[in-house]
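Student: I have a two-chain model open and would like to learn how to read it. Could you walk me through it, feature by feature?

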Amino acid sequence: MTDGLKKKIVKEIKVDLDKCIGCRACEVACSAFHARPKYSSTNPARSRIRVVVDDLNDVYVPIRAGDYTPAECTGRHTYTINGKEYRECSFCGVSCPARDLFKEPDSGLPLKCDMCEDDPPLSEPMCVQVCPHDALVYIEREEEGGEEEPREEMEIGLEALAKKHGMQKVMDALARMSMSKKR
Amino acid sequence: MRYAETGFNLEIDLSRGSVERVATDPRLTELHLGGQGTAAKIQWDRVPPEVEPFSPDNLLIFSTGLLHGTPVPGANRTAVDTFSPQTNLYSHSLFGGFFGPELKHAGYDKIVIRGKASELVYLWINNDKVEIRDAGHLQGKGALETGALIKEELKESDAQVAAIGLAGENRVYMATIEHANSSASRGVGVIMGDKRLKAIAVRGTKDIHVARPAELFEICNPMYQAIYDNPYCGDVFLHEDDEEWHVNNFAWGNARERQKGFWNKEKEKQWTDITESVRLRWTACYNCPKDCHQAIKYPGRPTYFQKCYSKLTYAMAAYKELDFNYDILGVTQEHGLDGYSTPQVLAFGIELYEAGILTDKDLPGFPSDSGERFFYLVEKIVRREGIGDALANGVYHAARQIGKGAEKFDHNSTKKFEQLPLKLKMINYPYFLMYATGAKMTITQTEGSYPQSPIADKKEREEFVKNWDAAPERFKKWFLEWEPRTHPSIEESVHICDWNETMHYIDDAIGTCAFLSSFRGQFGGRPPYHLYNLPNFISHATGMDLDSDALWEIGRRNRNLIRAHNVRRGLRRSDEKPPEDHWKIRDPEMETKLLDAYYEFKGWNNDGIPTKETLDELGLDYVSEDFLERGILTDSEGQPSKEISAGKEKK
């Protein structure tokens with residue numbers, strides 16, 4: 001530990017588009033791992049990793065589900081890499097209103113990759129385990145710059161309230177609640 | 001709750017435009033598993049032999065395999081079953097890719113199609129919502145092009161599409177059904193076209209449940225690496241640039257002659273460069289780590305997928321180089337033409353021209369170059385223009401339609417169906433039986449578990465047998481004793497044929513790829529899936545308790561049911577022969593003995609008809625009743641004879 005800063009472990013899945021053979025085993029394994037009870041069902045539509053395929057244009061892009069956003073973004077791009085055109089959203093893992101990707105098929109609730117957190121932990125996330133072609137490779141790297149203290153649930157809740165109603169209103173409400181307790 | 005399967009079929013009547021979701025009987029899964037097996041039962045009940053292949057009453061059935069949509073790697077081959085106008089027999093085809101699993105996730109085990117649409121239509125299955133839609137705007141479009149257009153108009157990039165090209169639309173007998181990186185050949189595209197069904201698009205987002213999740217996952221998970229590492233499975237040959245084995249051993253032209261000495265190091269370098277310049281990448285089918293399909297972009301042609309031995313079939317039939325093959329595939333894949341039978345039909349056409357049977361009148365403006373002639377004939381055939389109308393019916397029928405001695409040039413078909421262009425010297429006993437009796441129309445769908453040739457070195461042989469987990473014990477003994485340049489005995493040949501075909505009937509019911517099991521034991525002897533580990537996968541996925549004996553029994557049942565279909569449509573012993581010149585040196589006496597022994601072993605009578613005892617023992621009583629009623633079996637034949645019961649072993 002240097003300068004009182006903790007190092008944090010960053011977990012990543014490296015994607016090599018050229019190595020993807022488009023088999024979608026990652027989708028099968030992910031959906032099975034996250035089924036309850038575990039492995040009891042498969043359903044690529046529930047997978048938190050999807051291979052976006054446009055086979056006639058030789059496009060195979062495995063992407064993982066990232067954060068949820070309530071609104072579509074404004075800056076969509078088309079990418080040309082090595083002479084191949086990738087459509088807008090090709091590399092974006094966000095669960096957003098613009099598309100069906102990364103939403104539970106029944107409820108529409110957003111899906112997010114959790115790197116297959118488990119107890120005991122897996123050696124590698126499931127999608128990586130079933131990809132012997134190494135289109136997906138799991139890496140852990142240490143990053144300087146203090147791991148954040150885990151925040152308590154209450155703090156996260158309060159912050160959300162403050163964001164929604166304004167800090168002042170929340171403080172007022174807290175004050176009122178504490179007054180009424182005293183009485 | 002049903003495990004591994006959905007328990008529902010989709011019934012489509014194209015004449016009436018009706019769509020029904022029909023619950024299936026779980027008992028049929030126990031008897032036939034699924035895929036081709038359960039399809040054959042539906043056909044038995046609903047397609048009597050009086051139904052002509054082009055009748056609206058002929059069914060076209062797309063079946064998922066029992067293991068589709070489960071985590072079992074490599075279970076993705078969709079079975080397409082119908083009756084063929086070329087053979088008037090049972091027509092069975094398979095295609096890989098992603099269609100079957102997607103269909104299951106949409107909530108269906110099968111699509112059963114009857115009737116005929118009045119105009120060209122396509123089917124859109126989106127979970128519970130199923131529509132028959134107009135396909136007028138897709139008429140004449142390429143097969144893969146159609147898939148792309150449909151996905152675009154539905155705004156559903158995740159949909160999986162199976163479509164026919166111009167060949168299917170015009171009822172060409174060699175027409176395929178094309179899907180993603182795969183094709184269904186062997187005479188099913190013609191029926192899809194006859195029903196005026198241009199394509200089927202499927203999107204499914206439902207769960208598939210398995211019975212024993214933890215146990216199943218424990219055996220599935222290691223399979224990814226095991227299959228990936230296994231050098232004997234997948235499309236081993238396609239990954240090799242050294243084509244010596246193919247170009248030296250297969251016949252060129254209209255299955256005419258072998259060109260020994262064609263291959264050399266320089267050629268290998270040339271051909272490797274060609275392939276590398278047109279290959280975009282290797283691709284796989286659903287949930288399988290083997291990459292058996294080449295995505296190809298040939299200059300001036302749309303992207304297509306090349307698989308298996310179609311890499312060479314057009315080049316060798318036209319006496320051309322590899323670049324010609326990649327070029328013409330760019331056209332024939334979009335037309336939806338079978339890469340095995342079509343090249344032979346084209347070479348047959350050229351032979352007829354050179355023999356003066358076809359003239360410039362039949363072929364106006366016929367080019368002089370064999371490659372250009374191929375392109376010329378392809379366009380005639382897919383449009384059924386002029387002489388193309390006869391050639392579109394395959395070699396057997398075209399020869400008889402054209403007449404004037406053209407029949408003599410039909411030398412490589414059996415049961416009216418084109419066979420692989422192989423011309424060999426000495427009759428091979430097990431292969432004689434497989435060619436003669438196979439119901440799957442091509443040797444590649446029958447051979448595959450027992451090695452094609454012995455190992456000369458005794459030590460190596462022992463080593464091979466020691467690691468041969470896939471083989472029942474008796475084959476180990478036989479293989480150990482098998483010396484080079486000797487024939488397996490009659491008994492061994494019968495068993496070899498039986499084991500080989502049974503494994504295909506199992507694959508085709510559960511949907512696993514033959515490149516991982518039934519076709520892949522013959523080279524190296526280590527298929528990832530075999531008789532002794534498959535029961536575990538099936539049991540954990542479905543909850544049915546199954547051992548290898550029970551699995552074998554189901555394979556036998558499906559084999560006999562399909563045999564019964566063909567018998568009911570007129571197939572008899574006299575039809576069961578290999579292409580006449582497949583082997584230069586034949587042995588009629590031995591061939592009779594082989595066939596006698598095989599029929600006896602199978603529990604069939606001397607005319608190749610399953611006996612009442614055999615059928616009843618397999619739970620196919622309804623078949624034996626039908627045979628008696630139709631007079632196919634008589635009461636006396638229905639009685640078990642002593643020899644038959646003694647000769648019939650289960651395995």
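Tutor: Gladly, and let us start with a sheet. Six strands of chain B form an open sheet in the order β8-β7-β12-β9-β10-β11, with mixed pairing. Helices (H or I, at least four residues) and strands (E, at least two) are DSSP runs, numbered from the N terminus, and two strands pair if DSSP finds at least two bridges between them. A note on the source: this is a predicted model, in which local features need pLDDT of at least 70, side-chain atom pairs count only at pLDDT 80 or more, and totals for chains, interfaces and linings use all residues. Residues are numbered from 1 along each chain as its sequence is written, while chains are lettered from A and ligands numbered from 1 in the order in which they are written.

Student: Which strands are the edge strands of that sheet?

Tutor: The edge strands are β8 and β11 (182–184) of chain B, each pairing on one side only. From one strand to the next, the twist averages 15°; axes are lines fitted to C-alpha atoms, for helices over the stretch in contact, and angles run from 0 to 180 degrees between N-to-C directions.

Student: How do I read the pairing of two strands?

Tutor: Strands of a sheet pair through backbone hydrogen bonds, either parallel or antiparallel. Here β10 (residues 177–179) of chain B is joined to β11(B) by three bridges, and the two run antiparallel. I177(B) has A184(B) in β11(B) as its bridge partner.

Student: Which strands does α4(B) lie across?

Tutor: α4(B) lies across β7 (121–126), β9 (160–163), β10 and β12 (197–203) of chain B, and runs at about 140° to β9(B). Between β8 (129–134) and α4 (143–154) of chain B there is a loop that holds H137(B).

Student: Is H137(B) buried or exposed?

Tutor: Count C-beta atoms, placed from the backbone: a residue is buried if 20 or more others lie within 10 Å of its own, exposed if 12 or fewer, and partly exposed in between. H137(B) is exposed because 11 other C-beta atoms lie within 10 Å. The C-alpha atoms of H137(B) and L149(B) are 9.9 Å apart, with 12 residues of separation along the chain.

Student: What is the strand order in the open sheet that contains β1 of chain B?

Tutor: That sheet has six strands in the order β2-β1-β6-β3-β4-β5 (chain B), and its pairing is mixed. At its edges stand β2 (18–23) and β5 (90–95) of chain B, each with a single partner strand, so one side of each has no neighbour in the sheet. Its twist averages 15° from one strand to the next. Within it, three bridges link β3 (residues 60–63) and β4 (residues 78–83) of chain B, which run antiparallel, and S63(B) has A79(B) in β4(B) as its bridge partner. Helix α2 (residues 35–46) of chain B lies across β3, β4, β5 and β6 (110–114) of chain B, at about 25° to β4(B).

Student: What about the nonpolar core?

Tutor: In soluble globular proteins, nonpolar side chains tend to be buried together. A nonpolar core is a set of buried Ala, Val, Leu, Ile, Met, Phe, Trp, Tyr and Cys residues joined through C-beta atoms within 7 Å. The largest one has 211 residues, and C26(A), A29(A), C127(A), Y122(B), I200(B) and A201(B) have the most contacts inside it. Helix α19 (residues 490–510) of chain B gives the largest share of this core, nine residues. Two residues are in contact if their C-beta atoms, placed from the backbone, lie within 7 Å. Leaving aside neighbours within four places in sequence, I200(B) has contacts that include F62(B), I111(B) and Y122(B).

Student: How many residues does each chain bring to the contact between chains A and B?

Tutor: Chain A brings 23 residues and chain B brings 35. On the side of chain A that touches chain B, α1(A) gives the most, with three residues. Strand β2(A) is joined by two bridges to β13 (residues 208–209) of chain B, the two running antiparallel. There, S41(A) stands opposite H209(B).

Student: And a hairpin?

Tutor: Look at β3(A) and β4(A), which form one with four residues between them. In its turn, D58(A) has a positive phi of about 55°.
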